[in-house]
Amino acid sequence: MPDNTGLAAHGIFGGTFDPVHLGHLRLAEEAAESLGLECVRWIPAGQPALRESPRASAEQRLEMVRLAIAGNPRFALDTAEAESAQPSYTVPTLERLRRPEHYGMRRPLVLLVGADAFTNMVAWHRWESLFDLAHVAVAHRPGFPVDVAGLPPPLAAVCRERHCASPAALKEAPAGRVFTFAMTPLAVSSTQIRQLLCHGLSPRYLLPEAVIAYIQNTSFYTPS
Ligand code: ATP
């Protein structure tokens, strides 16, 4: 492993963000504080690889994340995946970030995921390579218990081998460990917000006001 002495850990937070909501924002904020991350890099997916096309375009989802994270000095927006015409895959994204012109190989990178996304990780393209590129921090999410016994067997094995009990361990190597953390439980999802909007109901207090104002000036979540 390369020497990573003195380099602060950065968080990598990918998602569809269709739309971004307070569950995403609290996950990133609480991860930054409890894991001691210098920065959280938000990476909206272009065309997500494993799900149907988002309702909002990549450009609209980028704009919503831009509005949501504005003013938070620890948050940064990575537009590359959303601006690419290719499907978004996590391992190639991390390989891009590990190139010398970005982070290189020494800095600890922590991929932030909710418990639902973590359980599905075995379906990701080249998922086992992920641990050569980043740590994984798994946030608790209501309705998705973090239970190693309930994970797909290959992922359970990785978890047993790589799990660390303290976030301090994430700073001791650039990649390779799994950490789970509790965050304020928020049973909000983008699906729920899309459904509210589709039925003409208010999504207020589930996502930032600036994002609601942006959505209200468009029609991408209303029935055509
Ligand atoms: P959808 O309902 O469209 O599936 P979502 O609300 O799960 O969307 P994504 O953009 O798919 O949002 O999620 C990005 C990341 O944020 C994933 O790792 C997901 O697990 C995590 N996440 C989303 N909402 C929450 C939440 N309320 N609590 C914890 N993690 C969350």
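Helices (H or I, at least four residues) and strands (E, at least two) are taken here as DSSP runs, numbered from the N terminus. The model is predicted, so local features need pLDDT of at least 70 and side-chain atom pairs count only at pLDDT 80 or more, while totals for chains, interfaces and linings use all residues. Residues are numbered from 1 along each chain as its sequence is written, and side-chain values use heavy atoms, with hydrogens and water left out.

Begin with Phe17, which sits in the loop between strand 1 and helix 1. Phe17 has a positive phi of about 55° although it is not a glycine. The loop between strand 1 (10-15) and helix 1 (22-35) also holds Pro19, and the peptide bond joining Asp18 and Pro19 is cis, with omega about 5°. Most residues other than glycine have a negative phi, and most peptide bonds are trans.

Rings of Phe, Tyr and Trp (its six-membered ring) pair if their centres lie within 6.5 Å; planes under 30 degrees apart count as stacked, over 60 as edge-to-face and the rest as tilted. This rule gives 7 aromatic pairs. One of them joins Phe13 and Phe17 edge-to-face, at 5.4 Å centre to centre and 70° between the planes. Phe13, Phe17, Trp42 and Phe75 form one aromatic cluster.

Relative accessible area (1.4 Å probe, protein chains only) sets the burial classes: buried is under 20%, exposed over 50%, partly exposed in between. Phe13 is buried at 4%, and Phe17 is buried at 2%.

Arg126, in the loop between helix 5 (115-119) and helix 6 (130-133), is another residue other than glycine with a positive phi, near 55°. Arg126 is partly exposed, with a relative accessible area of 37%.
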